Amino acid sequence: IWSLLYDQQWTWSQRQLTTTEETKIIAATFIPQKDKERLFTLERDSANTGGMIREWILQAGTWVASSEVAIPLDYLPNCFDFLPNLEYPSIVIGHDDGLQVLHLADATSPVFETSTQKEKIECISISENSNRIVTASGSSLSLWSISDKQTLRFLKTWPKQSANILSVDISNDGHRLITGGDDFIPKLWEVDRKRTRLNSSHANI
């Protein structure tokens with residue numbers, strides 16, 4: 001964990017994540033929860049046979065793995081993001097066979113919801129003020145919705161782009177996307193919400 005500090009000049013302060021397990025951390029995020037932030041990591045095991053969602057807590061100045069939230073996954077995860085504005089964490093995980101939503105209202109009995117649409121998800125982003133999720137797979141972009149923060153629904157996949165997509169982000173209102181790919185060109189897109197059409201007239205920034 002790195003902290004950016006200012007005392008006449010900007011400096012970095014590092015704190016180590018402490019665990020006894022050997023896993024590969026492929027993504028991490030802070031999830032705001034009322035008056036605090038919770039830290040979660042997405043991990044793969046050393047044998048590349050499965051994964052884990054893990055929460056970390058700060059104890060005496062050291063981040064240690066929580067004994068309450070360490071949820072195994074029976075697949076290899078690729079990416080994750082969280083559903084905003086909820087009283088409990090809900091995490092959307094992308095993997096080689098689609099999406100899975102993990103609801104953590106009760107850490108001892110997490111609720112999983114799995115998408116019926118099968119596609120490899122390599123990047124994911126969730127809009128903060130709408131119910132839209134955008135995912136990337138190779139050179140394709142897909143749009144999903146999640147109603148009442150519970151029910152996951154696949155909407156459509158747009159035609160393949162000219163390059164593989166390596167990163168994607170969706171605006172808070174769900175109207176715009178930005179992508180980065182292996183063609184070295186960041187691209188800005190507008191979403192026609194009535195037709196769920198991707199407007200590329202503003203493509204290259």
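This is a predicted model: local features need pLDDT of at least 70, side-chain atom pairs count only at pLDDT 80 or more; totals for chains, interfaces and linings use all residues.
A: Two strands are said to pair if DSSP finds at least two bridges between them.

Q: How many bridges join strand β14 to β15, and do the two run parallel or antiparallel?

A: In general, the strands of a sheet pair through backbone hydrogen bonds, in either a parallel or an antiparallel manner. Here, β14, which covers residues 140–147, is joined to β15 by six bridges, and the two strands run antiparallel. Within this pair, S142 stands opposite T157 of β15.

Q: In what order do the four strands form the open sheet?

A: The order is β12-β13-β14-β15, with antiparallel pairing. At the edges are β12 (123–126) and β15 (151–157), each of which pairs on one side only. On average, neighbouring strands of this sheet are turned by 25 degrees against each other, direction ignored.

Q: How many residues has the largest nonpolar core, and which have the most contacts inside it?

A: The largest one here has 15 residues, and F40, L42, I53, F80, I91, I93 and L104 have the most contacts inside it. Strands β4, β5, β7, β8 and β9 each supply at least two of its residues. The greatest contribution, three residues, comes from β7. Apart from this core lies another, of 13 residues, including L83, V101, I126 and I133.

Q: Which residues does F80 touch, not counting those up to four places away in sequence?

A: F80 touches A27, A28, T29, F40, T41, L42, I53, I91, V92, I93 and I124.

Q: Is R54 buried or exposed?

A: A residue is called buried when its relative accessible area is under 20%. R54 has a relative accessible area of 2%, and is therefore buried. The residue belongs to strand β6, residues 51–59. The side chains of R54 and E43 are joined by a polar contact of 2.9 Å. Although R54 and T41 are 13 residues apart along the chain, their C-alpha atoms are separated by 5.3 Å.

Q: Is D81 buried or exposed?

A: With a relative accessible area of 17%, D81 is buried, because the value is under 20%. D81 lies in strand β8. A polar atom of the side chain of D81 lies 3.1 Å from the backbone nitrogen of I126. Leaving aside neighbours within four places in sequence, D81 is in contact with S90, I91, V92, I124, S125 and I126.

Conventions
Residues are numbered from 1 along each chain as its sequence is written. Side-chain values use heavy atoms; hydrogens and water are left out. A nonpolar core is a set of buried Ala, Val, Leu, Ile, Met, Phe, Trp, Tyr and Cys residues joined through side-chain atoms within 4.5 Å. Buried means under 20% relative accessible area, exposed over 50%, partly exposed in between (1.4 Å probe, protein chains only). Contact means heavy atoms within 4.5 Å. Axes are lines fitted to C-alpha atoms, for helices over the stretch in contact, and angles run from 0 to 180 degrees between N-to-C directions. A polar contact is a pair of N or O atoms within 3.5 Å; within protein, one must be able to donate a hydrogen and the other to accept it, and residues adjacent in sequence count only if both atoms are side-chain atoms.
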